[in-house]
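Here is a short briefing on one protein model. Look at the structure first, then read the points below.

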Amino acid sequence: MFKDSQAFSGFSVDDITKAKQFYGETLGLHVDEQEGMGLHIALGSGAKVFVYPKPDHRPAAFTILNFPVDDIDAAVDELASKGVEFEHYDFGSFKTDSKGIARSERPEDGPTIAWFKDPAGNILSVLH
């Protein structure tokens with residue numbers, strides 16, 4: 001039924017102007033503003049995400065976008081140089097380092113990953 005549908009994902013933000021600047025300038029993604037509707041963000045995979053304003057926005061409590069990268073340290077350093085702050089976690093055997101990167105030593109432990117938030121508080125990640 002939907003195999004040929006051009007499906008897309010979406011999420012809300014509380015400030016479209018801040019979102020446009022963050023996703024376009026900070027993350028370097030192609031962003032098209034749909035007057036009065038929100039933003040279409042083009043991802044490197046060819047997929048698009050719709051970002052819409054919501055006055056009573058509540059940030060997602062889970063990761064909404066994951067960006068695979070070849071060099072996670074370089075990606076974290078570049079984003080940090082643009083003012084992005086990375087989340088820090090310490091759940092016993094699972095913890096992030098001083099840069100905010102949770103490093104996997106074995107493939108079965110999952111990817112090496114670092115989480116950060118957009119201006120609306122939604123959670124994003126870079127991972128390798």
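Asp 15 caps helix H1 at its N-terminal end. One of its side-chain oxygens lies 3.0 Å from the backbone nitrogen of Thr 17. Keep in mind that this is a predicted model.

**Helix H1**
- H1 runs over residues 16-26.
- Its buried residues are Ile 16, Ala 19, Phe 22, Tyr 23 and Thr 26.
- Which exposed residues does the face turned away from the buried side carry? Thr 17 and Glu 25 are found there.
- Just after H1 comes Gly 28, with a positive phi of about 75°.

**The largest pocket**
- The volume of the largest pocket is about 310 Å³.
- The lining consists of 18 residues. Closest to the pocket's centre are Leu 27, Leu 29, Phe 67, Val 69 and Val 126.
- Two elements give two or more residues to this lining: strand E5 (63-68) and helix H2 (72-81).
- Which element gives the most to the lining? Strand E5 does, with four residues.
- Sorted by class, the lining has eleven nonpolar, five polar and two charged residues.

**The second largest pocket**
- The second largest pocket holds about 220 Å³ of space.
- Ser 93, Phe 94, Lys 95, Ala 102 and Arg 103 are among the residues that line it. The lining also includes Ser 104, Glu 105, Asp 109, Pro 111 and Ile 113.
- By class, four residues of this lining are nonpolar, two are polar and four are charged.

Technical notes: Residues are numbered from 1 along each chain as its sequence is written. This is a predicted model: local features need pLDDT of at least 70, side-chain atom pairs count only at pLDDT 80 or more; totals for chains, interfaces and linings use all residues. Side-chain values use heavy atoms; hydrogens and water are left out. On a 1 Å grid over the protein atoms alone, a cavity is a set of points where a 1.4 Å probe fits but cannot get out, and a pocket is an open set with protein on both sides within 12 Å along at least five of seven lines; lining residues have an atom within 4 Å of a point. Grid points are joined across faces, edges and corners, and a volume is the space filled by probe spheres set on the points. Ala, Val, Leu, Ile, Met, Phe, Trp, Tyr, Cys and Pro count as nonpolar, Asp, Glu, Lys and Arg as charged, and the others, Gly among them, as polar. Buried means under 20% relative accessible area, exposed over 50%, partly exposed in between (1.4 Å probe, protein chains only). A polar contact is a pair of N or O atoms within 3.5 Å; within protein, one must be able to donate a hydrogen and the other to accept it, and residues adjacent in sequence count only if both atoms are side-chain atoms.
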